[in-house]
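Subject: Handover of a structure

Dear colleague,

Please find below the structure that I am handing over to you. A summary of the findings follows it.

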Amino acid sequence: MIPPVQVSPLIKFTRYSAPLVGMIYGKKRYDYLKPIAEEERRIEAEEKKKREELERIAKELAEASEESILK
């Protein structure tokens, strides 16, 4: 078996610091994007409520017109 080779301290430092830097960047990016996504979800929910209300009204109007035609 081959004896282990001495690894440069610079390589060791880079190997362990790169994932740490990535996690820090990811956390900052997540904190930046989270409020934007919440606002988009809130707007989408409001639009969905409006759309459902319009569909309900259209359905009621369609049923009312069918009833008046049949009578």
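I begin with the charges: the mean positions of the 15 positive and 14 negative charges of the protein are separated by 14 Å. Here Lys and Arg are taken as positive and Asp and Glu as negative, while His and the chain ends are not counted; each charge is placed at NZ of Lys, CZ of Arg, CG of Asp or CD of Glu.

Please note that this is a predicted model, in which local features need pLDDT of at least 70 and side-chain atom pairs count only at pLDDT 80 or more, whereas totals for chains, interfaces and linings use all residues. Residues are numbered from 1 along each chain as its sequence is written, and side-chain values use heavy atoms, with hydrogens and water left out.

Overall fold

Along the principal axes, the C-alpha atoms fill a box of roughly 95 × 35 × 5 Å. Of the 71 residues, 1% count as buried (under 20% relative accessible area, with exposed over 50% and partly exposed in between; 1.4 Å probe, protein chains only).

Two residues in the helix

S17 lies in helix α1, which covers residues 9–70. S17 counts as buried because its relative accessibility is 19%. A polar atom of the S17 side chain is 2.9 Å from the backbone oxygen of F13.

E60 also belongs to helix α1, and counts as partly exposed at 42% relative accessibility.

Yours sincerely

Notes
Helix = DSSP H or I, 4+ residues; strand = E, 2+ residues; numbered from the N terminus. Polar contact = N/O pair within 3.5 Å; in protein donor to acceptor, adjacent residues only side chain to side chain.
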